[in-house]
Each structure stands twice: as C-alpha cells, then as structure tokens.
Amino acid sequence: MSTSERFDCHYCKDSLLGKKYIMKEDTQYCTKCYENLFANCCEGCSSPIGCNCKDLSYKDRHWHEQCFKCAKCSRSLVEKAFAAKDDLLLCTECYANDYSSKCNTCKKTIMPGSRKMEYKGNSWHETCFLCHRCQQPIGTKSFIPKDTGYFCVPCFEKQFAYQCCACKKAITTGGVTYQEKPWHRECFLCIGCKKQLSGQRFTSRENYPYCLECFSNLYAKKCVGCTKPITSLAGAKYISFEERQWHSECFTCMQCSMSLVGRGFLTQRDNILCTDCGREK
C-alpha cells in the first residue's frame, strides 16, 4: 500500500483503516491517543473522560455524567438546577438548607432563585412580607416601619400619621408644630407673603404666623428719622420719646447729626437737638 493510500493516527502512526478514530482540527487520532492527549480529567473521580462518555462542564471544570452530583447528598445534578459554593456543586435543596436565609415570618428556607425581600438584616418570602394592618403583600412598594411591624403607606397614614392643618393631608416625614397643631414644612407659610417659615424666625398676631419683614411692615411703629419699621424681634434697639420712636442709630441731633443716645437733648417743635445746638437757637 502506498503512503498516499495510508490512513494512520497522526500521533502513533497506527493504521486507522476499519477502526474508530476522532478528528481534531482536520487531523485524525486513534481513540487511545486522543484520550491521552486531549481528554479532560473528571473533577469527581480524577479519571480521563473518554470518547465514549459524556463530558459535562461548568466554568472550565469537567465531570463524567455519573460523577456530576451534589457534593453533600450525592444526588445526580444532570439536567437539574444546582448552586456552587466554595468550589462545591450542591443541589438546590442542600444549598438552601446550609446557606440560604430563612424567612422572618414563616421561618422556612428561601430557596435560591425565588424572590425575597430584605430589610435591616432580615429576609422574607415576597408573599410573607405583609402590611401589619391590611395583611396584603407589600412587594416592591414603599413601606414604613413602626414598632415591630411594617405598614404600607396608605395604612400608616390612616393609623398613625398626623394631618396637616393647612392641606389636611397626612404628614409622613418631618413636619412643624405651631400652637399644638401639625403642619407640613412646605405648608407652614407667612400669612402675608406666603414664604416658608420652617427654620426661620417668625412671630404671630391674632394666631396668624408672619415673617419678620411682613410683621414689621404691617404692624411695627415707624422710625421718625428714617421712616422704616422699628422691630425688636430682630434684636434692634430703639428710643421712645413722647409717643415717637427712633432706631438708636437714627436718634441724632437735627442740626449737627451727633448721636443723642445716652445724652441730654432739647426739643424744638418736632425736632430734637443736642444741648449745644439748642442753646445756639
């Protein structure tokens, strides 16, 4: 037989005519050479995975079909769901029993792949995380913790939340108390200019809240010197004489402008004068 007619194993050169062989990258090998050269080693039994066996792989690791089983209970994992933990393959039941969290309500294992709710280190089955009041699943909706229970927002508002005396809606976070009545921060406004008063200095008249500016413009007495409002709410000092008022810095001699605070002064009709200017008159 000529060389051109021979059909040999690429590695050992034995004839493959009439024998089983395997092609790899357009090159033929006898089964023995192929297994020695290319067969994967089984993670379970450490033996080569021969040509006549199924090679099951997971993350570059390989098993015989009969070796692909749970590391704890030894049940076959072929065509079944499994989980990996520290290089070990486990059936879902063994993994759940050893590593999965327990539901805080029913105390049963939360199986891998199932939906669960988590809050402050506790876990629940999605169907076990219920509103304490209406007993409906909260799911992915907002909730509010109260004591040892959890409430959906509508139930919390009905049972616990204060009602804003301005808009009559529930106050769920923050809020302001004025005259023993609750307000949303955004609803607690100056009765004059409607500016928010939360965190600001304010005063009241006839039980209505006012910012300092509106109160001064509406009710404060006016300075004789500059005609602007005088208010002690912001810490301003003022002088009062014969039912007239001045800011301290405005209480000056009408002629020489010297400050008269703490000094004697004279009056000339509606004007006030220092004693020196008063004598000159």
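This report walks through salt bridges in the predicted model shown above.

## Ground rules

Because this is a predicted model, local features need pLDDT of at least 70 and side-chain atom pairs count only at pLDDT 80 or more, while totals for chains, interfaces and linings use all residues. Residues are numbered from 1 along each chain as its sequence is written, and side-chain values use heavy atoms, with hydrogens and water left out.

The structure contains six salt bridges (a side-chain nitrogen of Lys or Arg within 4 Å of a carboxyl oxygen of Asp or Glu). One of them joins Asp98 to Lys72, with the closest N and O atoms 2.8 Å apart. Asp98 belongs to helix H2 (residues 92-99) and Lys72 to the loop between strands E4 (61-64) and E5 (82-85), so this pair ties together parts 26 residues apart in sequence. Helices (H or I, at least four residues) and strands (E, at least two) are DSSP runs, numbered from the N terminus.

Arg75 pairs with Glu93 in another salt bridge, at 3.3 Å between the closest N and O atoms. Here Arg75 sits in the loop between E4 and E5 and Glu93 in helix H2, so parts 18 residues apart in sequence are tied together.

## Exposure of the partners

Arg279 is exposed, at 63% relative accessibility (buried is under 20% relative accessible area, exposed over 50%, partly exposed in between; 1.4 Å probe, protein chains only). Asp98 is partly exposed at 37%, Arg75 is partly exposed at 42%, and Glu93 is partly exposed at 42%.
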